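Welcome! Take a look at the sequence and the model first, and then read on.

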Amino acid sequence: MYQYNDDDQTLIDERVTQYRGQTERYLKGEIGEDEFRALRLMNGLYIQTHAPMLRVAGPYGLLSSKQLRMLAHVSRKYDKSYAHITTRQNIQFNWPDLKNVPDILADLASVQMHAIQTSGNCLRNTTTDHLAGVCTDEIEDPRAYCEIIRQWTILHPEFAYLPRKFKIAVSGSEQDRAATQLHDIGLHLIKNDAGEIGFRVLVGGGLGRTPVIGKVIRPFLEKKHLLSYLEAIVRVYNLNGRRDNKYKARIKILVKESGIDKMAEWVEAEWQQIKDGMEVSDERYAEIKAHFTPPTYEENAHQDSSFDANKNQSAAFATWIKYNTADHKTPGYRAAFVSLKAPDSPPGDITDKQLDAIADLADQFSFGEARTTHRQNMVLADIKQADLFDLWQKLDALSLATPNIGTATDMICCPGLDFCALANAGSIGIAKEINEALDNIDYLHDIGDLKINMSGCMNGCAHQSVGHIGILGVDKKGVEWYQLTLGGSSENEAALGERLGPALAKDQVTQAVSTILDVYIKQRLDEEVFLDTVKRIGVNPFKEAIY
Amino acid sequence: MKIIKDKQIIEDSWQHIADDEEIGSGDITVSLSRWNSDKNTLANHSGNIGVRIAPDDNVGDIADDLNKINLIAVELPAFTDGRAFSHARLLRSRYGYEGEIRAVGKYMADQAFYLQRVGVNAFELEDTEEYPAVISTLNDFTVKYQTSTN
């Protein structure tokens, strides 16, 4: 993974000094509330219901064992001994004290981590495929480009006060696992007819109050022009995006109101002015790429026979392999998911002990690295098949081996009313109820591939509009109600879910989810997955069963 | 009135003339729209002429006149309005403007570093007590990732 050079380190150290000064001036009353708000948000610090919340950047999801141990340390020393993994591969702490945040940032900087631009109306952390570099359907490893984008975005002087937040995601594989169609800019590495690799560029996707699927603005962009093209888009947005209404300020609204053709025309005109001279040189790319060379895999790893033997002997291990591991491009290796969706813990939460243990497991089995995923789990990406049984037992002992990846209980869930100042309704409690209703693992596996996403307000942090089943908490005269949608997807065939009917009372939600699953089981054909059944029969049969 | 120019606090005599205000003598700035409609008469003005760029303005509109202009004031009506950053950047790197670019309006001392990075070399704030903070934040970082104006 990328290792900081002296300049990278100096930059984040100077950022800590800057923010320490800003915090001191704020506490002395020398910076106003609104001004400090903007400054702290650009260092990841929100003020929430009970306490501030600090969001630390997980650059495109990559974490070293040393960084994991530091996160564990921070959670112990400054928080309540747990952290939370977000849908954009970041790490959140829910209980830090505002005055301690400079010290937290200094601790993080000592392991090449920061919270720069994890919030605010600026260029945010770039995300990518959690299986980048190891998956079997990869066109090219996107991580070097992600690092190039990371550096370009960090402290970008022109684009720190945009109309609204701005998120970029990159996918290097055929299957989009980074929800790139739902980002302000989505980049897909693709191969054109001439066999050259470049980017398909999408713009104007996004979730939140007005979910929109991104549109292609450039079908093929030469890789060397990546930064000039990004700059052209962001400059057009900075100058033309709406600033009169924060709910209409995202680039998706500019694209919608101007039309994609007009937008493409503006961007093209801007890009033509800057493209020459901003190329990513071959040397520069090679220098960054060198940080992402594959680790030294064992050539004979696939000759191990214990893996098959263990699968034959232990049905539980075989099940875990089936659901919680993914194919790896190197024979004899697999990528293993660390499920942060144990039935009795809030989705995406992880304790200090678990963080430390994952660091140890990463050192022991996976070249000292781990990743966070967009669905709020973690991945140890390079596990030798001979080590999987041992790894599974250790994860199981840590409650990190629930074999539910990609199933109904692998829910994306926001912190909801329990923590978040914006939320209108609880989400963690409903997640727990759904977990209890689906506690039969065979039933869960029979349902199969199902993505339930649940947000506690229409800001949609848990991406409910692209959940196969989406659950949105709303407030009606002080009472929590829940709006259900069906048929959303954030993958290749991105789609927004269709509303099922009037919002349901809190005590009806879990029953409604069970009813939806019953309808699916009755209606499905052969191996048909949930999403395909919804597409085939529409929402009416589900609606009739619920209302 | 005092401003910061090239990291020094200096006395400044420029007057910002509103669109409905009479033009007196001395160094003055006018809005881009006034410049566009009155540029021929303004050419006879005895003092120096500057132009104020509002967030909605297109800086390209002044590209051909830059050799007649001694100061460009980029306006931030609120610190959250980031259009001035693009305006300054374009003036320097696209249109090659080498005169004074001054940030005017409501912004934070803590934004001065980025403003400097995009080409602003003068800062004018209503609250001049902020000036020491502005000068100090200009040195917040010694390293940078982007190729920008400076």
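This is a predicted model: local features need pLDDT of at least 70, side-chain atom pairs count only at pLDDT 80 or more; totals for chains, interfaces and linings use all residues.

**Chain B as a whole**

- Chain B contains four helices and eight strands.
- A compact globule of 150 residues would have a radius of gyration near 15 Å, and the 15 Å of chain B agrees with that.
- The C-alpha trace of chain B spans about 45 × 30 × 25 Å along its principal axes.
- Of the 150 residues in chain B, 36% are buried.
- Take the contacts in chain B between residues at least 6 apart in sequence: 49% of them join residues at least 24 apart.

**A sheet in chain A**

- Chain A has an open sheet of five strands, in the order β3-β14-β15-β12-β11, and the pairing is antiparallel.
- The edges of this sheet are β3 (62–64) and β11 (325–327) of chain A; each has a single partner strand, so one side of each is left without a neighbour in the sheet.
- On average, neighbouring strands of the sheet are turned by 30 degrees against each other, direction ignored.
- Within the sheet, strand β12 (residues 333–338) of chain A runs antiparallel to strand β15 (residues 378–384) of chain A, and five bridges join the two.
- To see a bridge up close, find A:Phe337, whose bridge partner in β15(A) is A:Val379.
- As background, strands of a sheet pair through backbone hydrogen bonds, either parallel or antiparallel.

**Helices lying across the strands**

- Helix α3 (residues 65–78) of chain A lies across β3 and β14 (369–372) of chain A, and runs at about 85 degrees to β3(A).
- Helix α13 (residues 388–397) of chain A lies across β11, β12 and β15 of chain A, and runs at about 5 degrees to β12(A).

**Where the chains touch**

- In the contacts between the two chains, 22 residues of chain B meet 24 residues of chain A.
- On the side of chain B that touches chain A, the elements giving two or more residues are α2 (83–93) and α3 (112–117) of chain B.
- With four residues, α2(B) provides the largest share of that side.
- Sorted by class, the side of chain B that touches chain A has eight nonpolar, six polar and eight charged residues.

How values were computed
Residues are numbered from 1 along each chain as its sequence is written. Chains are lettered from A and ligands numbered from 1 in the order in which they are written. Two residues are in contact if their C-beta atoms, placed from the backbone, lie within 7 Å. Ala, Val, Leu, Ile, Met, Phe, Trp, Tyr, Cys and Pro count as nonpolar, Asp, Glu, Lys and Arg as charged, and the others, Gly among them, as polar. Two strands pair if DSSP finds at least two bridges between them. Axes are lines fitted to C-alpha atoms, for helices over the stretch in contact, and angles run from 0 to 180 degrees between N-to-C directions. The radius of gyration is taken over C-alpha atoms; the globule rule is 2.2 Å times the number of residues to the power 0.38. A residue is buried if 20 or more other C-beta atoms lie within 10 Å of its own, exposed if 12 or fewer, and partly exposed in between; C-beta atoms are placed from the backbone.
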